[in-house]
Amino acid sequence: MSEKLLEIRNMRTSFRAGGQYFAAVDNVSVDIYKNETLAVVGESGSGKSSMALSVTRLHNPAYTRVEGSILYQGKNLTSLPEAELNKVRGGHIGMIFQDPQSALNPLVKVGLQIEESLVYHTDMSRAERRNHALDLLRGVGMPRPELTYGQFPHELSGGMRQRAMIASALSCSPALVIADEPTTALDVTIQAQILDLMRSLQAATQTSILLITHDLGVVAEMADRVAVMYAGQLVELASCSEIFNNPLHPYTRSLLSSIPSLENSSERLHVIRGIVPSLKDLPRTGCRFSRRIPWMPPDSHQDEPELREAAPGHYVMCSCYETFELFQEMNTPCRC
Amino acid sequence: MPLLEVKNLQVHFPIRGGILGRTVGHTKAVDGISFQIEPGQTVGLVGESGSGKSTTGKAILGLVRLCGGRILFDGEDITGYIGRNRSPYRRGVQMIFQDVYSSLNPRKRVLDVIAEPIRNFERMTKAEELRRVHELLEVVGLSADSALKYPHEFSGGQRQRIGVARAIALRPKLIVADEPVSALDLSVQAQVLNYMKDIQRELGLAYLFISHDLGVVRHMCERLLIMHRARFVETGTREEIYNNPMHIYTRRLIAAIPDMNPAAREANEARRKSLEREYNDQFSKFYDADGSVYDLARINDDHSVAIPG
Ligand SMILES: Nc1ncnc2c1ncn2[C@@H]1O[C@H](COP(=O)(O)OP(=O)(O)O)[C@@H](O)[C@H]1O
Ligand SMILES: Nc1ncnc2c1ncn2[C@@H]1O[C@H](COP(=O)(O)OP(=O)(O)O)[C@@H](O)[C@H]1O
Ligand SMILES: [Mg+2]
Ligand SMILES: [Mg+2]
C-alpha cells in the first residue's frame, strides 16, 4: 500500500461528567494512507464522531481530554499549538458534517463562505478566489455556479447545501477530508449523487477520506478499508471486500445479518441482544461485546483482548470470533 | 372486500402570503391517488421526502382535511368521519410515528400512554386495564414492570415498541406506520421489524408501511406504491417492482440503493449515470408538459405504471 498520511496511535478521548472522565474512544490506533477511503462504521454511540472530531481537536477542551498521538506530516496534532492547528484545519484537513446547517453560516453567501478559508490559507487575489470558488461549485455539480455563488444557504435544497459544504471543505485542496455521516440526512437518490461525486473528486485530487457512517451500504459503495467500531474500540479492521465477504468479529457478523437489504430476504432479521451501553456503563475490561453474546462461554474471550492480525491485513479484536456462531442466538428467543 | 379503499384522494394545503395572510396558492401534497389494502396485507408507500407520503397517512387517519376523493373502510364510506375521534373507524385504524418519543407525553407513565386509547373507547376497571397493558407489553417483548416507568427511561427501540403496543391496544385492523424505524440503529430496527411481523401474524393486522428505505420496504411489504410529486408513478407486487421497474423514477430510486457488494461498485455507478442521462433525455415520456405524473396505466394484474397509454 502507498504512503501513510495520518497515524492515529492509542487515541483516547474522554468526556468529563461529575468530576470523572469517561473514555468514548478508548485506545484506538489506525493509519490512513494517501488516496484511500477509510470508513469507520458502527451504531450510534460507538464513538465514531468523537474519534473524527479528535483528529482536528474540535472538542471543547474544558471537559474533553484527548490522549495518544495523531501524527500528520511528522507533526503531532494533539500537542500542536492552536495557531498552527488552525492552519491544518481547513487547509490540510477539510471537514464535512451530516448537517450543513451547522457548518455553513446562514448569514454569508455561499461563494464568500467558500472563499473564507482561501483568505486564511492562501495568498490568492480577490479575483482568483472568486474564480476558484466558481470552479469548486462547478466541480461539485452545481448546475448554475454563478447563481449559487450569490445565494444564502437557506435558498438551497438539502442536497445542494451538502454540495456547497463539500465545495467549502475542498477549497484548499486538503490532503484529508473527514466526512461525518455526509449523506445521512439525504434522500437515496441525492445520497447516490453525493457519493459518486466524492469518489470522482477523490480520483481527480488523490485526497484521502476518513468516512464516518452507520450505514453499511454507504461503506460498501465507498470504502477501501473498513474499521468497525464498538463501545469506543476498533473491533475489526480489514479491506472492504474482506468485511463483506469474510467478516470475523461477532459484532460485524451480527450487524451484517440484521440488515433488511435487497440481498438478505430471510423472513426474520437477526437481533443483537441488549443495547449499546452508555458511556458510564461501558465495560472497561475484557471483551466489550461479550455481554451482547452471553451464550458464548467465558473462556472463548481473552482477558485482555487486542486487535490481532487474523489474516494478512485483516485485524480482529478478541478470540471469541473463532468459535462464534450466529444461529445459536437465533434459537434462543430474547425477551429484553 | 378490501379493508381500505382510497379513491382519487386529494389534499391541498393553502400557501399564505402578504401581511393579511391571504391564501396565495396551494401546495398539492396529494393529488389524485387511489389504492386498496386487503385485510392482513402489508402495503409499502415509498418515495423521497416531500412526495406526499405522510400526508397520505394522515388523510387515512382523518388528521388532515381532504379536498377531494373518498375513503372506504370495511366497505363503509368514512370520508365524513374526519376529526371525530371516537368513531368506530378510529378504533380500527391506528398510527405509529417515526419519532415515537415526540408523540409520547414525557410526564405520562407507560401505563397511561398505552391505556389512553383503551380509556377512550372502553370501560374497564383499573385492574382489567393493568392486565391488558401487561398483555400488550408482553406482545412487544417488554417486561411488566415497564408499565410504571416513564418514556425517557427507555432506549429508542423500546420506545418504538411502546408506540407499537399503544397502536395495537384496541386491536385495530389497520396500522399506518410512518417511517417507524427510520430513526433507529440497525440492530434495533431489526428488532422492531421482527415484532411488527409477529404481531401482524398474531392479530391479522394490515399495514400501510411508509418508508424511504427500499431495503426495509422489500423486507416488509407484499405490494408497493411508489410516490413522486404527490402522485403514484408505479404500483405493483414486490416482485414486479423490484424485478421489472418501468418508470424512470422507480428505476432511479432502485439504482440509488447502496449495494452491499463492493465488487459491483463501478457497475452500479455506470448504471446510475446512464439512468440519469435517460431521465434527462426522456423526461417528457414520463411527465406531462407541466412536469406532473401521468395517470396510472395497467400493465398486468400485478403492475401499473404512470405512462401515457
Ligand atoms: N461532547 C460530549 N460530552 C459528553 N459525552 C459525549 C459527547 N460527545 C459524545 N459523547 C458520548 O460519547 C459516546 C460516543 O458518542 P459519539 O462519538 O457521538 O458516537 P457516534 O458518532 O458513533 O454515534 C456516546 O456515549 C456519547 O453519548
Ligand atoms: N400541514 C401542512 N401545511 C402545508 N404544507 C404541508 C403540510 N404538511 C405537508 N405539507 C407539504 O406537503 C408536501 C408533502 O409533504 P409530506 O406528506 O410530509 O411528504 P413526505 O412524508 O413524503 O416527506 C410537502 O411539500 C410539504 O411541505
Ligand atoms: Mg456520530
Ligand atoms: Mg413524511
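The C-alpha centres of domain 1 and domain 2 of chain B lie 28 Å apart in this predicted model. Domain 1 spans 4-228 and domain 2 spans 231-309, with bounds from an automatic or database domain assignment. Between them, 15 residues of domain 1 of chain B are in contact with 16 residues of domain 2 of chain B (C-beta atoms, placed from the backbone, within 7 Å). On the domain 1 side, strand E2 (22-37), helix H8 (214-220) and strand E9 (223-228) of chain B each give two or more residues. E9(B) supplies the largest share, 6 residues. Helices (H or I, at least four residues) and strands (E, at least two) are DSSP runs, numbered from the N terminus. By class, this side has 8 nonpolar, 3 polar and 4 charged residues. Ala, Val, Leu, Ile, Met, Phe, Trp, Tyr, Cys and Pro count as nonpolar, Asp, Glu, Lys and Arg as charged, and the others, Gly among them, as polar.

Helix H8 (residues 188-205) of chain A has 18 residues and reaches 25 Å from first C-alpha to last. The expected span is 26 Å, at 1.5 Å times one less than the number of residues. Its buried residues include A:Val188, A:Ile190, A:Leu195 and A:Met198 (20 or more other C-beta atoms within 10 Å of the residue's own, all placed from the backbone). Their cover includes helix H10 (248-256) and helix H11 (265-281) of chain B. A:Gln206 follows H8(A), with a positive phi near 60°.

Residues are numbered from 1 along each chain as its sequence is written, and chains are lettered from A and ligands numbered from 1 in the order in which they are written. In this predicted model, local features need pLDDT of at least 70 and side-chain atom pairs count only at pLDDT 80 or more, while totals for chains, interfaces and linings use all residues.

Definitions and conventions: Buried ≥ 20, exposed ≤ 12 C-beta atoms within 10 Å, placed from the backbone. Contact = placed C-beta atoms within 7 Å.
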